[in-house]
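Subject: Structure handover

Hello,

Here is the structure I promised to pass on. Please open it and keep it beside this email while you read.

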Amino acid sequence: MDRLDNTVRPYAWGSTTAIPRLLGTEPTGEPQAEMWMGAHPGAPSRTGRGTLAEVVDADPERELGAATVAKFGPRLPFLLKLLAAGSPLSLQVHPDLTQARAGYEDEERRGVPVTAPHRNYKDTNHKPELICALTEFDGLCGFRDPLRAAELLDGLGVDSLKPYVDLLHASPEEAALREVLTAVLTADPDEMARTVTETAAACDRLGGDYAPYAGIAHHYPGDPGVIAAMLLNHVTLQPGEALYLGAGVPHAYLDGLGVEIMANSDNVLRCGLTPKHVDVPELLRIVRFEAADPGVLRPEAGPDDEEVYETPTDEFRLSRYVLPEGAPAHDLTLDAPQILLCTAGAVRTGEHELTPGHSVFVPAGEKAEVSGTGTVFRATVVL
């Protein structure tokens, strides 16, 4: 197995302290948003044999196993991350497989460079994802019931929000949500900026359920995404709880540290809370306008003390082992690739001792035992 040396991405929304605190290192004063573990070409993990991308490319069947290559192709199907949000990420959705392939082919046909800031589809893959909280973790996930959203907006007492309140009352659920999001994202920018300023002041004054949106507006003054965010469920995860984000579900992470796993893709369509490109027509084609409970996940007991976060996605499977002092070693050998990440305590696997924030890649079929006292997350695939 290979010990991983991982890149930390310094995105502006990142916490300056959460990842250093986990690693036991001194903060640099700069944001440290995401630590990537995997073979994504944007920041592949480094090993003693080269980058993990180079290792996999050199012998996919040896590293991933024949069954993984047959099902997903000759690349690691998932990307594992530590994600540390110090301020809100962009409000966004991801396409399903059919939409991603069609969108990618359309942009290729029109000659839109992959590096262009207005490019929507960087690859042909979907990007389902799972976030598991290591600290208390705030986020937005999926649409509220339109009547609850109307009540929240109406309670602000902002006159320019009244048309949205009326729309949420007047139409069937899907049409109501679609019409309001469309109206918010296509409104006159100056008028919307004034509405957001009034909304932010009211949220600040009222506090309570409005407090998260006051915080969002502080980071993104005048952004229509502040109003769009109020259409979504606000969720606070406790450590060990998780959210699964499927295709078309609008979401944003607001604050906290977590372990994130996703299919190996970079396809994102943004709704707001960002200076980046927002393609409103394409976004409205991808969003699923369905009100739903965000569905907080808790791990389910598996064999040999494994705790599994069940999702409908085959490209990744996330589980954890919480090892008490004196616990026997656990055999984690699989005929599939794995990344093991320690998030608490000190554990040993093979010749490697892992402390919080450190990880290893285990090729398919390679013997893997874990022992010690602490918490280990296991990322693999479903075959």
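Start at Glu173, which lies in helix α8 (residues 173–186). Helices here are DSSP runs of H or I with at least four residues, strands are runs of E with at least two, and both are numbered from the N terminus. Glu173 is partly exposed, at 35% relative accessible area. The cut-offs are these: buried is under 20% relative accessible area, exposed is over 50%, and partly exposed is in between (1.4 Å probe, protein chains only).

Two notes on the source. This is a predicted model, where local features need pLDDT of at least 70, side-chain atom pairs count only at pLDDT 80 or more, and totals for chains, interfaces and linings use all residues. Residues are numbered from 1 along each chain as its sequence is written, and side-chain values use heavy atoms, with hydrogens and water left out.

**Salt bridges**

The whole structure has 19 salt bridges. Each one is a side-chain nitrogen of Lys or Arg within 4 Å of a carboxyl oxygen of Asp or Glu.

Glu366 and Arg62 form one, at 3.7 Å from N to O. Glu366 sits in the loop between β20 (359–362) and β21 (369–380), Arg62 sits in helix α3 (residues 60–64), and the two are 304 residues apart. Arg62 is partly exposed, at 40%.

Asp314 pairs with Lys71, and their closest N and O atoms are 3.0 Å apart. Asp314 is in the loop between β15 (307–309) and β16 (317–323) and Lys71 is in helix α4 (residues 66–72), so this bridge ties together parts 243 residues apart in sequence. Asp314 is partly exposed at 31%, and Lys71 is partly exposed at 40%.

Arg119 bridges to Glu108, with closest N and O atoms 3.1 Å apart. Here the partners are eleven residues apart in sequence. Arg119 is buried, at 5%, whereas Glu108 is partly exposed, at 38%.

Asp2, Arg49 and Glu63 are linked in a salt-bridge network.

**Two more places to look**

Is Ile261 buried or exposed? Ile261 is buried, because its relative accessible area is 0%. Find Ile261 in strand β12 (residues 251–263). Leaving out residues up to four places away in sequence, Ile261 touches several others, including Phe78, Leu130 and Phe316. Contact means heavy atoms within 4.5 Å.

Gly350 is in the loop between β18 (338–349) and β19 (352–354). Beyond its neighbours within four places in sequence, Gly350 contacts Met1 and Glu369. From Gly350 to Tyr164 the C-alpha distance is 59 Å.

Best wishes
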